[in-house]
Amino acid sequence: MTFINYASKEINCKIVFYGPGLCGKTTNLQYIYNKTAPESKGKMISLATEADRTLFFDFLPLDLGSIRGFTTRFHLYTVPGQVFYDASRKLILKGVDGVVFVADSQDERMEANIESIRNLEQNLQEHGFDLATIPYALQFNKRDLANVTPVDVMYRTLNYKREPTFEAVATTGVGVFDTLKSVAKQILIELRKR
Amino acid sequence: MSADFVLYEEEFRQLQEALKRLRQEANAKAVFLIDKNGQQIASAGDVEQFDTTSLASLTAGNVAATDGLAKLIGEREFSVLFHEGQQDHIHISIVAKRAILVVIFDDRSSLGLVRLRVKRASVDLEKIFETMAQKNDKGAEGPAHASPFSEITDDDIDALFGE
């Protein structure tokens, strides 16, 4: 749900990074945070366990500049990926405008990817959203590792609706901004339609 | 999909007036109104000393988690949350089902006073939200305010990303 403030001339949109545990959602946000100019970002908040696993969410406010006189602000969130945090995951999706699904490219994580997309589809439905229509981008992360599933196999298995799909190495930033831009663009195009 | 949340200048001013009044009457340090999705709507008082964006997002997370707890035990919602610190305290309440009212106060005020004033302010705020909802509905039929985004071009969007 985009928040349009005519008084302060701002548009606020919410993007959620979704995916199985340890796929690199937080790493995506950290890279974006590190590479964004100080005046364009707020504080990054991570609600994590002592072992540095996401407990509730990470949050990063980004200012992308202005469009037609309106400051365009994106609030990026990650969900906790571990299966048993489903109740928290559901909460984060509230009022979402666009979703990035971060898939782990390692062979042994393919099942977890499939399960997590199914979980995303269900949790979106509970908020009245449809994965088939919501702005959405897919990222194949960890392409630098040795034990990765070929891209075409991943595409056939995980691509939901021919959404824009990106190969990435979030630790070094490969594909990170391309993925973000893709979903942000879709959100703004959606805004134009209304 | 839920409709966009649109805030026009007139209601923004009214909300801010109501918050200012509440801050004065409750003798609070700062008062914030936050959307349930974590975006700040308006504020009053000594707000510069706070990271308001983080405050909004964490408060919304807090309320969402508490809502989840309420449903688990069969309650519709917990409409008030109170966090007591050594010096500063936070009173959080739900207004008009969709917004969160946050009052930060210290020992110059008291929980009783804050609760009393919040109750009264909530009535005013609810009225303003009603007007906003009506305006939003009308906007969907025939725009009194034409959306500035209907004419966004691909170039506008590309420019945003420095392409």
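In the predicted model, A:Lys9 is partly exposed, with 14 other C-beta atoms within 10 Å; here a residue counts as buried if 20 or more other C-beta atoms lie within 10 Å of its own, as exposed if 12 or fewer do, and as partly exposed in between, the C-beta atoms being placed from the backbone. Although A:Lys9 is not a glycine, its phi is positive, at about 55°, and its place is in the loop between S1 and strand S2 (10-18) of chain A. Helices (H or I, at least four residues) and strands (E, at least two) are DSSP runs, numbered from the N terminus. A positive phi, near 65°, is also found for A:Lys142, likewise a residue other than glycine. A:Lys142 is located in the loop between strand S7 (136-141) and helix H4 (151-158) of chain A, and this residue is buried, with 23 other C-beta atoms within 10 Å.

This is a predicted model, in which local features need pLDDT of at least 70 and side-chain atom pairs count only at pLDDT 80 or more, whereas totals for chains, interfaces and linings use all residues. Residues are numbered from 1 along each chain as its sequence is written, and chains are lettered from A and ligands numbered from 1 in the order in which they are written.

Chain A contains five helices and eight strands, which follow one another from the N terminus as β-β-α-β-β-β-α-β-α-β-α-β-α. Its radius of gyration, taken over C-alpha atoms, is 16 Å, in agreement with the value near 16 Å for a compact globule of 194 residues, the globule rule being 2.2 Å times the number of residues to the power 0.38. Taken along the principal axes, the C-alpha atoms of chain A fill a box of roughly 50 × 30 × 30 Å, and 50% of the 194 residues count as buried. Among the contacts in chain A with a separation of 6 or more, 68% are between residues 24 or more positions apart, two residues being in contact if their C-beta atoms, placed from the backbone, lie within 7 Å.

In chain B, five strands form an open antiparallel sheet in the order S3-S2-S6-S5-S4, where two strands pair if DSSP finds at least two bridges between them. Strand S3 (40-45) and strand S4 (80-84) of chain B stand at the edges with a single partner strand each, so one side of each is left without a neighbour in the sheet. From one strand to the next, the twist averages 15°, with axes fitted as lines to C-alpha atoms, for helices over the stretch in contact, and angles running from 0 to 180 degrees between N-to-C directions. Strand S2 (residues 30-35) of chain B pairs with S3(B) over five bridges in the antiparallel sense, and B:Ala30 has B:Gly45 as its bridge partner in S3(B). H1(B) lies across S2, S3 and strand S6 (99-105) of chain B, at about 40° to S3(B), while H2(B) packs on the sheet and touches S2, S3, S4, strand S5 (89-95) and S6 of chain B, its direction making about 65° with that of S2(B).

The contact between the chains takes 35 residues from chain A and 32 residues from chain B. On the side of chain B that touches chain A, H2(B) provides the largest share, eight residues. Three bridges join strand S1 (residues 3-5) of chain A to S1(B) in a parallel arrangement, within which A:Asn5 has B:Leu7 as its bridge partner.
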